[in-house]
Amino acid sequence: MTVRSPLRAVLPALFAATVLVAGGSAAAAPAASPAIAPPDIPVADVQAQLGELQRIADENGGNRAHGQPGHKATVDYLQSELDALGFETTVQEFSADGDTGWNLIADWPAGNANEVLMLGGHVDSVPNGPGINDNGTGTAGLLEVARAVAEQDLQPNKQLRFAWWGAEELGLLGSGHYVQNLPAAELDKLSGYLNFDMTGSPNAGYFVYSPEGQPEGSAELTDTLNAYFDTTGVETELIDLGGRSDHAAFADAGVPTGGTFTGAEGQMTEEQAQKWDGTAGEAFDGCYHQSCDTVDNVNETALDRNTDAIAYALWTLATS
Ligand SMILES: [Zn+2]
């Protein structure tokens, strides 16, 4: 989750035309049910990946930030995992603030290539720390969901594309680079983009991105994520992140977007504390962008639920 302003102002006018095309073809629909039962992702496996990300930070000066060796080491680690699972991976290089950054893209070679469901989150930390909740949690959750896809040898109707974005903390630069360089014909194939950034905040809130003001079709993504949380009995709140994460470039290009978030520097209210069993008056993540954002800065229940939400949404949207 970045503190910086969205890309909105710098995206080229080209995308204004694309908005009409994508918006017109993606009608909102009621949340569907998955045709194949979604897996329960073992949270211990997600925690093990957080341990790997902590190790990578520890071995590389304490962080995984853009321009620092821990960023590339993280990308290399994830790519080797995904290659071994049978994904087709691409590392997209870009330049930002005088340093090289990388996006990792992993396609699952099945499904209709003209209808692509994308799921992503940022892979860089801030320079201050290892970035385990922000955004090791989304990074590791997406990896373990990708592993479940491979282990089931899932044959979805839609093609699945996972993304781990670089330079999010500098102002959403990696995802912006990807969208700006995606040919219009490829952009039109995207049926939706789901973003997962900070899914294990210690004083966890359960937020789902609001579809209001987002491209047509976004409500279906929101409804699908909420359908998962309904099965857990957890009440969610809609949130407008104001373009503070990597969905912003996709939304600006007319792609339906959604995602989940467990809170950053904001403080939990009394009402939220009661329904989420949290602490009122404290930040959702008291270690947001600090050196204490380590493996000890993760709410395992929130991480478990949000990772299962990723799987539920993927299985629902890609197999129904
Ligand atoms: Zn952040």
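Which residue in S2 is the bridge partner of phenylalanine 94? It's glycine 101. The model here is a predicted one, with local features needing pLDDT of at least 70, side-chain atom pairs counting only at pLDDT 80 or more, and totals for chains, interfaces and linings using all residues. Numbering starts from 1 along each chain as its sequence is written, and side-chain values use heavy atoms, with hydrogens and water left out.

S1 and S2 (residues 99-108) pair in the antiparallel sense over 9 bridges. Helices (H or I, at least four residues) and strands (E, at least two) are DSSP runs numbered from the N terminus, and two strands pair if DSSP finds at least two bridges between them. The pair belongs to an open sheet of 8 strands, ordered S1-S2-S4-S3-S5-S8-S6-S7, with mixed pairing. At the edges sit S1 (88-96) and S7 (237-239), each pairing on one side only. From one strand to the next, the twist averages 25°; axes are lines fitted to C-alpha atoms (for helices, over the stretch in contact), and angles run from 0 to 180 degrees between N-to-C directions.

Helix H5 (residues 173-181) lies across S1, S2, S3 (112-122) and S4 (158-165), running at about 110° to S1. Contact means heavy atoms within 4.5 Å.

Then there's the helix pair H7 (residues 218-232) and H10 (residues 300-319), whose axes come within 9 Å and cross at roughly 125°. That makes H7 oblique to H10 (under 35 degrees is roughly parallel, over 145 roughly antiparallel, 65 to 115 roughly perpendicular, and the rest oblique). Residues making the contact include Leu221 and Tyr228 of H7 and Tyr312 and Leu317 of H10.
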